[in-house]
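Please read this briefing with the structure open beside you, and take the topics one at a time.

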Amino acid sequence: MDSNRVLLDFQIPIQDAVSTLQFAPLSNNLLVSSWDSILRLYDVDNCTLRLELTSEAALLDCCFQNESLALSAASDGCIRRYELQSGIFETVGKHDDSVTHIRYSDQTCQIVTAGLDGKIQLWDTRNEKSLSFVRNMGSDVISMSLSGFNLIVASGACVYLLDLRNLEKSIQLKDSYMKVPVACVSSVPYSEGVAVGSVDGRVALDIACLDQTDDIRYTFRCHPKSKAAKNHLESVNDIVFNPIHHGAFATGDNAGFVSIWDFRRKTRILELPRFPNSVASLSYNCGGELLAVASSCTYQEANEREEPPQVFLHNVMGK
């Protein structure tokens, strides 16, 4: 075992696939949603499971509203909000089909959700259970990322930029970044930009750099060639940018590999030892020194490895 890698102990093991990991905005509390219908809150600093909350359906995504409130998206179409001190939760609203993505905007105080009904919905938290906007994307939302007012949405074969202040209008960023289906999108938290991961192991970067003459625009393969000179065609399941160390970002794929990159230098900083299962989700803590990794099946492929779901922490400063 890598000395910089720690396996989290959840007392009772997670029983089904992990959908999402997310660190809290200001602390090292880690939120974990999974297909076993349980939302878990893990206190990393004290190595303690603080909370387990059971829902009525598989949890397909989660996020923090703030340090004391969390949100989940579920297969029964429900959007739930949890008070993390008391464990009390309520249903905020509902989609016509499974809710697959959920984010919270500090700028507009809105919950942003997307589902298999092809809709993006916004819920104003300042008004009780208030559905403030609905937009039909015309096809399933594959991935969604939010930074500031910018909402990046992958739907069908396209990637769109939407402004939360004017959601009627959208900008199609490119017809196709890589001429293959998109697997994930990720906003850059400190700049105007996006990273797009594909199902065949490529990442496209499109980032505006104010401190450089030229913007960052290029595409690369996470694993260029194997020893047999064959391309590594595993889906890039998640991409996260380090919030402190600008330029650094991590990718996780369906074969269980996590790599950390520097997009300015166009180099790989580090490749972590292979994880036991697919990498389903990644999250940096607010200090940028810890990277949480969900090693779990993703139900993407019939021949996917099905080791028990696990959550690891890697100290990226120790490398």
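A residue is called buried when its relative accessible area is under 20%, exposed when it is over 50%, and partly exposed in between, with a 1.4 Å probe and protein chains only. By that rule F249 is buried, with a relative accessible area of 1%. This is a predicted model, in which local features need pLDDT of at least 70 and side-chain atom pairs count only at pLDDT 80 or more, while totals for chains, interfaces and linings use all residues. Residues are numbered from 1 along each chain as its sequence is written, and side-chain values use heavy atoms, with hydrogens and water left out.

- Strands (E, at least two residues) and helices (H or I, at least four residues) are DSSP runs, numbered from the N terminus, and two strands pair if DSSP finds at least two bridges between them.
- In strand 3 (residues 29-34), 6 of the 6 residues are buried, so the strand is largely enclosed by the rest of the structure.
- In a regular strand the side chains alternate between the two faces of the sheet.
- In strand 3, N29, L31 and S33 point one way while L30, V32 and S34 point the other way, and all of them are buried.
- Strand 2 (residues 18-23) pairs with strand 3 in the antiparallel sense over 5 bridges, with L21 standing opposite V32 in strand 3, and the two strands form a hairpin with 5 residues between them.
- Strand 3 is also joined by 5 bridges to strand 4 (residues 38-43), and these two run antiparallel; the bridge partner of L30 in strand 4 is Y42.
- The hairpin of strand 3 and strand 4 has 3 residues between the strands, and in this hairpin S37 takes a positive phi near 75 degrees.

- Strand 6 (residues 59-66) is mostly covered, as 7 of its 8 residues are buried.
- Strand 6 pairs with strand 7 (residues 69-74) in the antiparallel sense over 6 bridges, and L59 has A74 in strand 7 as its bridge partner.
- Between strand 6 and strand 7, which form a hairpin, there are 2 residues.

- An open sheet of 4 strands has the order 10-11-12-13, and its pairing is antiparallel.
- Strand 10 (99-105) and strand 13 (130-136) stand at the edges of this sheet, each with a single partner strand, so one side of each is left without a neighbour in the sheet.
- Neighbouring strands of this sheet are turned by 20 degrees against each other on average, direction ignored, where axes are lines fitted to C-alpha atoms (for helices over the stretch in contact) and angles run from 0 to 180 degrees between N-to-C directions.
- Strand 10 and strand 11 (residues 110-115) pair in the antiparallel sense over 6 bridges, and R103 has V112 as its bridge partner in strand 11.

**Aromatic rings**

- Rings of Phe, Tyr and Trp (its six-membered ring) pair if their centres lie within 6.5 Å, and planes under 30 degrees apart count as stacked, over 60 as edge-to-face and the rest as tilted.
- A search of the whole structure finds 10 aromatic pairs.
- The rings of Y218 and F220 have their centres 6.1 Å apart and their planes at 45 degrees, so this pair is tilted; Y218 is buried at 17% relative accessible area, and F220 counts as buried at 16%.
- The rings of F220 and F249 have their centres 6.3 Å apart and their planes at 65 degrees, so this pair is edge-to-face.
- That pair links distant parts of the chain, with F220 in strand 21 (residues 216-221) and F249 in strand 23 (residues 248-253), 29 residues apart.
- One aromatic cluster is formed by Y218, F220, F241, F249, W261 and F263.

**Charges over rings, and positive phi values**

- A charge sits over a ring if NZ of Lys or CZ of Arg is within 6 Å of the ring centre and within 35 degrees of the ring normal.
- The charged end of R5 sits over the ring of F275, 3.7 Å from its centre, and the charged end of K266 sits over the ring of Y218, 4.8 Å from its centre.
- K266 is found in the loop between strand 24 (258-262) and strand 25 (267-271), is exposed with a relative accessible area of 57%, and has a phi near 60 degrees, a positive value in a residue other than glycine.
- Q11 has its place in the loop between strand 1 (5-7) and strand 2, is exposed with a relative accessible area of 61%, and has a positive phi near 65 degrees.
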